[in-house]
Amino acid sequence: GPVPEPIEDPCGPTSVLENGICQTFTILEQVRAETPFQEGGSPVNLEVLLFKPLEGERFPTIVFHHGSTGNGSDPALFEITFWSKSIARFFVGRGWMVAFPQRRGRGNSDGLYDEGFKPDRSGYSCDSELSLAGAAHALDDLNVITDWIRNRADVDTTRMLVGGTSRGGILSVAHIAERPDVYLAAINFVGGWIAEGCGDHRTINRTLFVDGAAFPGESLWLYGENDSFYSLPYSRSNFDAFSSAGGLGTMIELQRAPGLNGHFIINDGDLWRSHMDQLLDRFR
């Protein structure tokens, strides 16, 4: 997805404004996950932000994955650590822990960011072979993080969800078919790998979504009107391809305030809270 939209927030990551005061709602742990990866003979560790409820020792957990960086042409954006207060607030408020892993070469994670670039690394490739190889690289990170999370003493491994926004959304759908032993459902915010209109976008996006159709559980797809990367008819066609391949899911179409980019519905908790609650109610 594109560069995140700015959010006015007088409080830090761990507190929210209530009655004019910043109230702490979560415990934040910034940790490094060891991986089996090596690059140039050095071990590769991944940055993970964990938002935990204020009380308790073991929590149902959602692993929530980040998107891309616009068109991939600005390496400064690779170094931004992704997390979402709206997602953290929603899940922590319901007793869940939220993990925001940063894939290789993103945020403060080690390694080369290698998710489907053009050969000269000037930006993301729209060629299906290069792009899907980049998605496979990302899915390797998701598998490694899944194993790392499952081995934590503070995770209730019987109640785990995977989700993400933009590239993280489509990855969560593709990934869940590989890990039906772990996850109960996928939550896909505005998912897609390559923007509509970019080269082999139809092949690339459909391939990844259809890969997820083998998952026997459900998925929640949340998309917005006026999305600068994926129009609603386009995303509907991807959902139809997923469903036709046997995938189980619900697609919800949301409308932000006029002029706002639908690609950032993640920031508007009021729009999707009830839909997410309906999903969570099934896993109490």
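Modeller: Before we start, contact here means heavy atoms within 4.5 Å. This is a predicted model, where local features need pLDDT of at least 70, side-chain atom pairs count only at pLDDT 80 or more, and totals for chains, interfaces and linings use all residues. Residues are numbered from 1 along each chain as its sequence is written, and side-chain values use heavy atoms, with hydrogens and water left out.

Colleague: Great. Which residues is Arg 103 in contact with, leaving aside its neighbours within four places in sequence?

Modeller: Quite a list: Leu 46, His 65, His 66, Gly 67, Ser 109, Glu 115, Ala 138, Asp 141, Leu 142, Arg 167 and Leu 171.

Colleague: And is Arg 103 buried or exposed?

Modeller: Arg 103 counts as buried, because its relative accessibility is 2%. The labels are buried under 20% relative accessible area, exposed over 50% and partly exposed in between, with a 1.4 Å probe and protein chains only.

Colleague: Where does Arg 103 lie?

Modeller: In the loop that links S6 to helix H2, residues 128-150. Helices (H or I, at least four residues) and strands (E, at least two) are DSSP runs, numbered from the N terminus.

Colleague: Let's switch to S6, then. Why is strand S6 described as largely enclosed?

Modeller: Strand S6 covers residues 97-101, and five of the five are buried, so the rest of the structure largely encloses it.

Colleague: Which residues are on each side of S6?

Modeller: Met 97, Ala 99 and Pro 101 are on one side, while Val 98 and Phe 100 are on the other.

Colleague: Nice. How many bridges pair S4 with S6, and in which sense?

Modeller: Four, in the antiparallel sense, with S4 spanning residues 42-52. Two strands pair if DSSP finds at least two bridges between them. One of the residues bridged to S6 is Leu 50, whose partner there is Ala 99.

Colleague: What about S5: is it parallel or antiparallel to S6?

Modeller: Strand S5, residues 59-65, runs parallel to S6, and three bridges join them. Ala 99 turns up here too: in S6, it is the bridge partner of Val 63.

Colleague: How does the chain cross from S5 to S6?

Modeller: Through H1, giving a β-α-β crossover that is right-handed. With the strands pointing away from the viewer, the path from the first strand over the helix to the second runs clockwise.
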